[in-house]
Amino acid sequence: MKQLVQLFEQRFNTQPVIIEEMPKAGSNRQYYRLSTSDNSSVVGVVGTSRDENHAFIYLARHFRLRQLPVPEIIAVSNDELRYLQTDLGKVSLFDAIKGGREAGGRYNLNERELLKKTIRLLPELQIRGARGLDFDNCYPQPEFDEDSVLFDLNYFKYCFLKPTDIDFHELKLEANFRLMAKDLTAEKTDSFLYRDFQARNVMLSDEGNPFFIDFQGGRRGPYYYDLASFIWQASAKYPNKLRRELVAEYYEALKNVTEVPTKRHFVNRLSLFVLFRTLQVLGAYGFRGYFERKRHFLESIPPAMDNLREMINTQQFPYPYLIEVLQRLTELPQFNIEKQVVSTRADGYKTTTVNVYEAHPKDGPATYSKYDGVGPLVVRVFSFSYKKGIPDDESGNGGGYVFDCRSTHNPGRYEPYKKLTGLDEPVIRFLEDDGEILTFLDSVYRLADAHVERYLQRGFTSLMFSFGCTGGQHRSVYSAQHLAEHIHSKYGIEVRICHREQNISQTLKKEQTT
């Protein structure tokens, strides 16, 4: 610490007024915020590995020359064990999207835009940042290769798979591991692989612009890896719709800096890296959780297993024995609540978690009529005040669904929200933090989805949803807007929104199909 203060004094000709120890990152490096009397500050770093520090210093300086959003290196000690960098503030992307994460993956518009802004910048770092970069400065190795893949796959095998006591054939599994490693490294690219690209490693400026940190483990490698790391991070709980949007944003941004493969090839390659990355993190969770007994990592296992289960049930991978083992892994009772089918109550009755009413995929529509096949479907969504009556249905179909939002917590009862509406961020945060509106909308979404899908199937043209509350200002506006965006995002059809008491109308246009 003494040497870090001396480095500060040499650079600024003054002593720091305040020295604040910052939370530790994944490495052994320690961070300090050093402030001067004029309230400006820098971040001081003390590391135990010269090679790791050297990699970060070299990469940061190279990226700054490329005008990429990374911290500036201000001063470096002769032994490279200490350095000073610009202070990017205290708000990370991880902090900024906390609300959506804690709401179970229901990210609001502002949070989604921050994610999209970040993902659009990633190709700049990966492609432009790789130009002229001497990868021999990378730590601990210059390139993503088969050996590093096999290391991570065996990490998964020994730290996660074996502790579950699943029986498997070592040689068969190893053969599939080697085939997977060969496939992952088959396409050579001159791009920078960030290696640890996650929301915690993105800082936000006062203007909300993303800056990248902690890229010292980067190397030459495929850009798919970072995309998979970011979007399929288990604890983030990104819903599939948002994942698709982020992949699309990245793909379009990638086009601006390099030639891209076809979308089909891109998606297929990405799926392979998502599978690999999921196994990799499960290995880490197994070691940190099962062996070191760290609670955070144990809590991260269920969502990671959900990701794995979804992948192997919806994607095709050319590793039959590995997939067989993973299928058995996901079916273990501790990872699959649906396997805990039958339980006996105190009164002797048996209960089950199986949904006996689940539709069979071969079931067809129950009825047909002369109105089938007309289309296209247009959905209209209203918010209103019960004091002024339920909205009229101009289509003549009778008005559709009417939902009463008055059972949920009303932000209009509190002075800070009285002049705002359900479209304003403070009201959105209030409602989502409270959570009642989310539970309410969960049921609405399920009902609306089933209705929209049947109307699309039969070619009906009109469907109406209305949400009422006391004043038609907060809860009903929030609910109507979110249902409209949900239907438009999921089905791509035209949705017309009318917040009647606010005199606000909006049309979400039908998406063009190619």
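**Pockets, a cavity and an open sheet**

Helix 9 contributes nine residues to the lining of the second largest pocket, which is the largest share of that lining. The model described here is a predicted one, and in it this pocket has a volume of about 1500 Å³. The lining of the second largest pocket is made up of 47 residues, and those that lie nearest its centre are Asn 240, Lys 241, Leu 242, Arg 243 and Arg 244. Besides helix 9 (240–255), at least two residues of the lining are supplied by each of helix 5 (109–128), helix 10 (263–291), helix 11 (295–314), helix 14 (436–458), helix 15 (475–491) and strand 16 (504–508). When the lining residues of the second largest pocket are divided by class, 18 are nonpolar, 13 are polar and 16 are charged.

Rolling a probe the size of a water molecule over the atoms shows where empty space is left. The count of cavities of 30 Å³ or more comes to one, and the largest cavity has a volume of about 70 Å³. The residues that line the largest cavity are Glu 143, Phe 144, Leu 184, Thr 185, Glu 187, Lys 188, Thr 189, Arg 220, Gly 221 and Pro 222. By class, this lining consists of four charged, three polar and three nonpolar residues.

Another part of the model is built around a sheet. Strands of a sheet pair through backbone hydrogen bonds, either parallel or antiparallel. In this open sheet, five strands follow the order 1-2-3-5-4, and their pairing is antiparallel. Strand 1 (18–21) and strand 4 (73–76) each have a single partner strand and stand at the edges, so one side of each is left without a neighbour in the sheet. From one strand to the next, the twist averages 25°. Strand 1 is joined by four bridges to strand 2 (residues 30–35), and the two run antiparallel; Glu 20 stands opposite Arg 33, a residue of strand 2.

Two helices accompany the sheet. Helix 1 (residues 2–12) lies across strand 1, strand 2, strand 3 (41–46), strand 4 and strand 5 (82–86), and this helix runs at about 50° to strand 5. Helix 2 (residues 50–65) also packs on the sheet, where it touches strand 4 and strand 5, and the direction of helix 2 makes about 140° with that of strand 4.

Conventions
Residues are numbered from 1 along each chain as its sequence is written. This is a predicted model: local features need pLDDT of at least 70, side-chain atom pairs count only at pLDDT 80 or more; totals for chains, interfaces and linings use all residues. Side-chain values use heavy atoms; hydrogens and water are left out. Two strands pair if DSSP finds at least two bridges between them. Axes are lines fitted to C-alpha atoms, for helices over the stretch in contact, and angles run from 0 to 180 degrees between N-to-C directions. Contact means heavy atoms within 4.5 Å. On a 1 Å grid over the protein atoms alone, a cavity is a set of points where a 1.4 Å probe fits but cannot get out, and a pocket is an open set with protein on both sides within 12 Å along at least five of seven lines; lining residues have an atom within 4 Å of a point. Grid points are joined across faces, edges and corners, and a volume is the space filled by probe spheres set on the points. Ala, Val, Leu, Ile, Met, Phe, Trp, Tyr, Cys and Pro count as nonpolar, Asp, Glu, Lys and Arg as charged, and the others, Gly among them, as polar.
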